[in-house]
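This report describes how parts of one protein model are arranged. Look at the sequence and the structure first, then read on.

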Amino acid sequence: IIQAQGNAKLIPGSRFSNGTLAFFLTSKFVDAQPFYRMEGILSRWGIDTGRSTLCSLAMNAGRAIGDLVQAIRDDLKRSPVIGMDETPVQVLHEKNRSATAKSFMWVACGFREGKKLLFFHYHPTRSGTVATEFLKGYTGYLQTDGYAGYSQIGQAQGIIHVGCMAHIRRKFFDAEKVSGGSEDAREFLSMIAAFYHTEALLRQRYERNEFDSSSFLTERSKVQEPQLAAMYEWLLVRSRRLA
């Protein structure tokens, strides 16, 4: 009997094809399907695959694509803009740590040759040194929220630290709520709303192919810069009054 050579598997010796493995991982990490739920789903299909097997597959796949992960990280650091944020997670059975200990997933977003890049970097702490070490050697724009942990890397040579309009809006929204309807807070929220509305119209025109990328950026600067300048002047005047 002559048998054709089978396709190379990402995990040698696994009884699962690369496509099946991709389905498991996509369901878990893209569609947020926990492995315990997937275990039940597979059981209904008559496939006896426990969550421990799925976890093992995920870990082995991660080790197998280590070079690809590093390549994504290298490409990310070539992105002219990186957005970064961190979110708490809990990890079971972590050495020398309780199951209720808070760890953090640091998420960085950029692009390379027009393609979006997302990188998840796990660390047991929220220390600002994590961002500093992760972005060592990076030059470009770094966009974050107001967490002080980004301050040090935001002052590094070659990095321009920029804020997030959504987080700015949140502060004024809270101020308007706490003050019982501050006129200043409402006024600035209306300015942000106008800015968002203009941005949405520009993006709609871009999606309708009325602009190429270069023309979109030009039109955006033309329309949005005066609004940003007005918002900046508004903040300066209020800051002098409140100082």
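## Terms and model

Axes are lines fitted to C-alpha atoms, for helices over the stretch in contact, and the angles between N-to-C directions run from 0 to 180 degrees. Helices (H or I, at least four residues) and strands (E, at least two) are DSSP runs, numbered from the N terminus.

The model is predicted, with local features needing pLDDT of at least 70 and side-chain atom pairs counting only at pLDDT 80 or more, while totals for chains, interfaces and linings use all residues. Residues are numbered from 1 along each chain as its sequence is written, and side-chain values use heavy atoms, with hydrogens and water left out.

Helix α1 covers residues 18-29 and helix α2 covers residues 35-44. Their axes are 10 Å apart, and they pack at an angle of about 135 degrees. That angle makes α1 oblique to α2; angles under 35 degrees count as roughly parallel, over 145 as roughly antiparallel, 65 to 115 as roughly perpendicular and the rest as oblique. The crossing of α1 and α2 is right-handed. A crossing is left-handed if the near helix is turned anticlockwise from the far one by less than a right angle, and right-handed if clockwise. On the α1 side, Phe24, Ser27 and Lys28 make the contact, and on the α2 side Phe35, Met38 and Leu42 do. Contact means heavy atoms within 4.5 Å.

Helix α3 takes in residues 51-64. It packs against α1 at an angle of about 100 degrees, with the axes 10 Å apart, and α1 and α3 are therefore roughly perpendicular to each other. Leu21, Phe24, Leu25 and Phe29 of α1 meet Leu54, Leu57, Ala58 and Ala61 of α3. Between α2 and α3 the angle is about 120 degrees and the axes are 9 Å apart. These two helices are therefore oblique to each other, and α2 passes α3 in a right-handed crossing. Here the contact involves Phe35, Tyr36, Met38, Glu39 and Leu42 of α2, together with Arg51, Leu54, Cys55 and Ala58 of α3.

## Leu10 before α1

Leu10 is placed in the segment before α1. At 34% relative accessibility, Leu10 counts as partly exposed; buried means under 20% relative accessible area, exposed over 50%, and partly exposed in between (1.4 Å probe, protein chains only). Not counting residues up to four places away in sequence, Leu10 touches Asn18, Leu21, Ala61, Ala64 and Ile65. Leu10 and Arg126 are 116 residues apart in sequence, and their C-alpha atoms are 33 Å apart in space.

## Aromatic rings

A pair of aromatic rings is described by the distance of the centres and the angle of the planes. Rings of Phe, Tyr and Trp (its six-membered ring) pair if their centres lie within 6.5 Å; planes under 30 degrees apart count as stacked, over 60 as edge-to-face and the rest as tilted. The structure holds 10 aromatic pairs. In one of them, the ring centres of Tyr147 and Tyr150 are 5.8 Å apart and the planes are at 90 degrees, so the pair is edge-to-face. Tyr147 is partly exposed at 21% relative accessibility, whereas Tyr150 is buried at 0%. The rings of Tyr206 and Phe216 have centres 5.0 Å apart and planes at 40 degrees, so this pair is tilted. The pair links distant parts of the chain, with Tyr206 in helix α8 (residues 183-207) and Phe216 in helix α9 (residues 213-242), 10 residues apart. Tyr206 is partly exposed, at 33% relative accessible area, and Phe216 is buried, at 7%.

Ring pairs also link Phe16, Phe23, Phe24 and Trp45 into a cluster. The charged end of Lys28 sits over the ring of Phe35, 5.3 Å from its centre. Lys28 also lies over the face of Phe29, at 6.0 Å from the ring centre. A charge sits over a ring if NZ of Lys or CZ of Arg is within 6 Å of the ring centre and within 35 degrees of the ring normal.

## Loop residues

Most residues other than glycine have a negative phi, and most peptide bonds are trans. Ala32 is not a glycine, yet its phi is positive, at about 55 degrees. Ala32 lies in the loop between α1 and α2 and is exposed at 57% relative accessibility. Asn209, also not a glycine, has a positive phi of about 65 degrees. Asn209 belongs to the loop between α8 and α9 and is exposed, with a relative accessible area of 68%.
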